[in-house]
Amino acid sequence: MLLEARGIAVSYGKVSAIRDISITVPEGKIVTIIGGNGAGKTTTLRALSGMVPIRSGEIRLGGTRIDTLPADRIVAHGIAHVPEGRRIFPDMTVEENLRTGAFLRRDHDKVEKDLADVYARFPRLRERRGQRAQTMSGGEQQMLAIGRALMSDPKILMMDEPSMGLAPVIVEEIAVIIEEINARGLSVVLVEQNAELALDLADQAYVLETGNMALEGPAHELHDNEHVRAAYLGI
């Protein structure tokens, strides 16, 4: 198993955000986490990437425990996080943003190859490489955030609400990008409020409700689950 989180819990002060959450991410698969607002989806991703400390449990990547490491070392071990709201550097150019994703790397020749690969995957970024990021559309900024994460040469790409605020045609484009990235062998952890999209893309799915694990299983099975259909698919 590539990534294993066992019994993790996170609190913000005295407020418990997630409790006893266990998630596994197989190599080369797409895993999704769905749930309503405040369910703990973003907190779970932040815990996996070391952005918030866990109160209990453990997280292992390739068998190595990583929950005791700072976030930059977790990136170096192979977890890239595309946060909710994209969080690009607005006053920096497209290429400057992309190169920040490779800040910890020392394999300079491979960095240049990966930059060329990002431009090949996202032609609009290549066309706008000298443009300030804040002048780009929401869809282009999301592509930039994904490209920046890929520049860290990750083993797992974690994405928090990549479809948020985007037009339906751009959402479809982002979905294709996620599928193409995964087809190249990269594992993906996807947090989405668009449960239909998430379950269509994923191999495995987890449902969080108020900080607890409510359901888990193959994505196609949860898509047909009566509770999931009523609560998250509007069916």
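Is Glu173 buried, partly exposed or exposed? Glu173 is partly exposed, since its relative accessible area is 30%. For that word, buried means under 20% relative accessible area, exposed means over 50%, and partly exposed is in between, with a 1.4 Å probe and protein chains only.

Okay, two bits of housekeeping. What we have is a predicted model, where local features need pLDDT of at least 70 and side-chain atom pairs count only at pLDDT 80 or more, while totals for chains, interfaces and linings use all residues. Residues are numbered from 1 along each chain as its sequence is written, and side-chain values use heavy atoms, with hydrogens and water left out.

Let's stay with Glu173, because it forms a salt bridge with Arg124, and their closest N and O atoms are 2.1 Å apart. Glu173 sits in helix H7 and Arg124 in helix H5 (residues 123–127), so this pair ties together parts that are 49 residues apart in sequence. Arg124 is partly exposed too, at 24% relative accessible area. By salt bridge I mean a side-chain nitrogen of Lys or Arg within 4 Å of a carboxyl oxygen of Asp or Glu.

How many salt bridges does the structure hold? There are 16 of them. One joins Glu112 to Arg99, with 2.8 Å between the closest N and O atoms. That pair links distant parts of the chain, 13 residues apart: Glu112 is in helix H4 (residues 108–121) and Arg99 in helix H3 (residues 94–100). Glu112 is partly exposed at 39% relative accessibility, and Arg99 is partly exposed at 33%. Another bridge pairs Glu4 with Arg6, at 3.1 Å between the closest N and O atoms. Here Glu4 has a relative accessible area of 23% and Arg6 has 40%.

There's also a network of salt bridges linking Arg105, Asp107, Lys110, Asp114 and Asp153. Keep an eye on Asp153: it has a positive phi of about 60° although it is not a glycine. You'll find Asp153 in the loop between H6 and strand S7 (156–160), partly exposed at 38%. Glu161 also has a positive phi, about 55°, and is not a glycine. Glu161 is in the loop between S7 and H7, but it counts as buried, at 7% relative accessibility.

Now, helix H6, residues 138–150. Its 13 residues should span 18 Å at 1.5 Å a residue, and the end C-alpha atoms are 19 Å apart, which agrees. The expected span is 1.5 Å times one less than the number of residues. H6 is mostly covered, with 12 of its 13 residues buried, including Met143, Leu144 and Ile146.

Last stop: the surface. Which residues form a negative patch? They are Glu179, Glu180, Glu196 and Asp200. Patch residues have over 30% relative accessible area and no salt bridge; like charges are joined within 9 Å, and nonpolar side chains (Val, Leu, Ile, Met, Phe, Trp, Tyr) within 5 Å. Helix H7 (168–183) and helix H8 (195–201) each supply at least two residues of this patch. Glu180, for one, lies in H7 and is partly exposed at 41% relative accessibility.

Terms used: Accessible areas come from the Shrake-Rupley method with a 1.4 Å probe; for residues, only the protein chains shown count as cover. Lys and Arg count as positive and Asp and Glu as negative; His and the chain ends are not counted. The place of a charge is taken as NZ of Lys, CZ of Arg, CG of Asp or CD of Glu. Helices (H or I, at least four residues) and strands (E, at least two) are DSSP runs, numbered from the N terminus.
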